[in-house]
Amino acid sequence: MTAAAEPQPLPRRRVSPLTRGWAFVRRHTITVFGLLALAYLMLPIVIVIVFSFNDPAGRYNYTWEGFTTEHWTNPFGPPFLGDAVQSSIKVAVIATIVSVVLGTLVALALVRYHFRGRGATNLLIFVPLTAPEIVLGASLLTLFLNLGTALGFWTIVIAHIMFCISFVVVTVRARLVGFDRHVEEAAMDLGANEYVTFFRVTLPLIAPGILAGALLAFSLSIDDFVITSFNSGTTETFPLYVWSQAQRGVPAEVNVIGTMIFVVAIMLMLFNVLFQWRRQPKGA
Amino acid sequence: MTFFHRHRWLTPYVLLAPGLAFLFLFFVVPLYYLGYTSLQEGTVQIGYTFTWAWDNYSSAFGDYRGQFLRSLEYAGIATVVALLISYPLTYWIAFRGGRWKNLLLLFIIAPFFVTYLIRTLAWQNILSDDGFVVNVLQFVGLVADDGRVLATSTAVIAGITYNFLPFMALPLYVSLEQIDKSLIEAAKDLYASSTKAFLRVTLPLSMPGVIAGTLLTFIPAAGDFINAELLGTPRQAMIGNVIQSKFLEITDYGQAAALSMILMAVILVLIVVYTRVLGTERMAG
């Protein structure tokens, strides 16, 4: 089929200097905006770090009085602060381990098996992610109140496992989706039984996903205030300690611990980014 | 072992059982108890009894309508502001980030790594009466010379915006990142101006991110009480503050539970309406 007349190539649009100037401005406007937005995101973090070196005159660590490393040499100095950090870490470790095991099993079932009730399962995983924290905390409290359960360390642990599971499922599932099942079949063909295959082939392959889920669970747990405040009884975690001090003026040591948590988390994330960067093919 | 070989269909249920049982016991059952408690009356001293006390609901609505409306207002404004900041930011990272994308993304989630309460207290510091921000605002006349930012609704909304901004930015980034750049080029080849290409191609394709981001920001924002407590005064109290103090300080469990139920219901209704409206618009557009 030949057209009677070849269509003429359309004339190229002339780009006037004005248009180009405008394009230049626009191109750089968004860069400037982006950098400003990043500065805005970083501002409170910088304040937290800087004021960990402040030497406040009174109880309130608001105005810069002078440089000191005093808070860094003894970060657990103020009464109850050390205990609070300790319970936070204990809760986070237990909650992470349990939620990672439970969540990974659920993720495995969701990705690799077809079964009845998948919709209901997805719903049960998804809804806690979208419910406001205050409702999660309050409803758990009403459960414990009605059953007469004493609030304390273990009710905090239960609450943390509850809200971590869904995050672990979502994270691990995201990494499992691209998993090549042929590797497992190859292992089975070579005589490995199901358990050997799982521990020698499957687990190492999905380990990065599990690790990501564990990091997320740990950081969510150590940061949680709202749900914890409803179910803590007299046990005090680090965020609860900060809250209890907030009215009276938070000691600078809190900034030190906040900075420590931040630095550790950022280093883990940077490691992850660099790792991905190196694995990326050039030019991608 | 042989049992599982014979009943392979059981395997997924065995894997699911512990996790789902935990969620059922400590997420679903508590919601039942929340509803149950919301219909109880009594005090801590004499105990609480279930009496179908619907009065908890009517008085909750009557006494705290202001705080409910304020929560929705603050959360709504904060969500819009977070969207206005996040969209250009994530657009910039997704389209201009190049090999720095992951690193720039790290900046967006960095606030999460500073404990929520500590970063809110940092805002208390930034917005404090003699601070730099207030001095500048006073100098340009946006704030009266004896005016303050802290302890106003502006401070509370600013805090909410900052604290939940990553929830907006991350889904936005994901949807912008996934856009096939050749579609935008195709639009421009077909003589769409940059603005038109953005409005007709980029924006509609990023709508799933906008919907997810606004929901993920609005929901926790509407239930928040930390920002109102640390950056505001009782005059800025949100419904979260009422629920928190009724549960933990006043121990008026019945009404506190009723308030929680109403909050949950209001949010659910808003989500359904919102996704319906945007969903159909997307179909039509």
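Which pattern does chain A follow when read along the sequence? I read it as α-α-α-α-α-α-α-α-α-α-α.

**Entry 1. Conventions**

I note that this is a predicted model, in which local features need pLDDT of at least 70, side-chain atom pairs count only at pLDDT 80 or more, and totals for chains, interfaces and linings use all residues. Residues are numbered from 1 along each chain as its sequence is written, and chains are lettered from A and ligands numbered from 1 in the order in which they are written.

**Entry 2. Chain A overall**

I looked up the secondary structure of chain A and found eleven helices and zero strands. Helices (H or I, at least four residues) and strands (E, at least two) are DSSP runs, numbered from the N terminus.

I then turned to the dimensions. The C-alpha trace of chain A spans about 90 × 65 × 40 Å along its principal axes. Its radius of gyration is 27 Å, whereas a compact globule of 284 residues would have one near 19 Å. The radius is taken over C-alpha atoms, and the globule rule is 2.2 Å times the number of residues to the power 0.38.

Of the 284 residues in chain A, 40% are buried. A residue is buried if 20 or more other C-beta atoms lie within 10 Å of its own, exposed if 12 or fewer, and partly exposed in between, with C-beta atoms placed from the backbone.

I also checked the contacts in chain A between residues at least 6 apart in sequence, and 78% of these join residues at least 24 apart. Two residues are in contact if their C-beta atoms, placed from the backbone, lie within 7 Å.

**Entry 3. Helix H3 of chain A and its partners**

I examined H3(A) (residues 81-112) against H8(A) (residues 194-223); their axes come within 8 Å and cross at roughly 140°. Axes are lines fitted to C-alpha atoms, for helices over the stretch in contact, and angles run from 0 to 180 degrees between N-to-C directions. Angles under 35 degrees count as roughly parallel, over 145 as roughly antiparallel, 65 to 115 as roughly perpendicular and the rest as oblique.

H3(A) passes H8(A) in a right-handed crossing. A crossing is left-handed if the near helix is turned anticlockwise from the far one by less than a right angle, and right-handed if clockwise. On the H3(A) side, I list A:Ser88, A:Val91, A:Ala95 and A:Gly103 among the contact residues; on the H8(A) side, they include A:Ile210, A:Gly213, A:Ala217 and A:Phe218. By class, this contact of H3(A) with H8(A) has nine nonpolar, seven polar and no charged residues. Ala, Val, Leu, Ile, Met, Phe, Trp, Tyr, Cys and Pro count as nonpolar, Asp, Glu, Lys and Arg as charged, and the others, Gly among them, as polar.

I next took H3(A) with H6(A) (residues 153-176), where the axes come within 6 Å and cross at roughly 40°. The two helices are therefore oblique to each other. H3(A) passes H6(A) in a right-handed crossing, and the residues of their contact divide into 20 nonpolar, five polar and one charged.

**Entry 4. A:Glu194**

I located A:Glu194 in helix H8 of chain A. It counts as partly exposed because it has 15 C-beta neighbours inside 10 Å. A:Glu194 and A:Ala150 are 44 residues apart in sequence and 43 Å apart in space, C-alpha to C-alpha.

**Entry 5. Contact of chains A and B**

How many residues does the contact take from each chain? I find 65 residues from chain B and 64 residues from chain A. Among the helices of chain B that each supply at least two residues to the side touching chain A are H2 (11-37), H3 (55-96), H9 (194-222) and H12 (253-284). The largest share of that side, 19 residues, comes from H2(B). By class, the side of chain B that touches chain A has 52 nonpolar, eleven polar and two charged residues.

Is B:Gly159 buried or exposed? B:Gly159 counts as buried because it has 27 C-beta neighbours inside 10 Å. I place B:Gly159 in helix H7 (residues 153-178) of chain B. Not counting residues up to four places away in sequence, B:Gly159 touches B:Thr120, B:Trp123, B:Asn227 and B:Leu231. B:Gly159 and B:Phe198 are 39 residues apart in sequence and 31 Å apart in space, C-alpha to C-alpha.

I also looked up phi at two loop residues. For B:Ala151, phi is near 70°, a positive value in a residue other than glycine. B:Ala151 lies in the loop between H6 (132-139) and H7 of chain B, and with 16 C-beta neighbours inside 10 Å it counts as partly exposed. For B:Thr251, phi is near 50°, again a positive value in a residue other than glycine. B:Thr251 sits in the loop between H11 and H12 of chain B, and with 14 C-beta neighbours inside 10 Å it counts as partly exposed.
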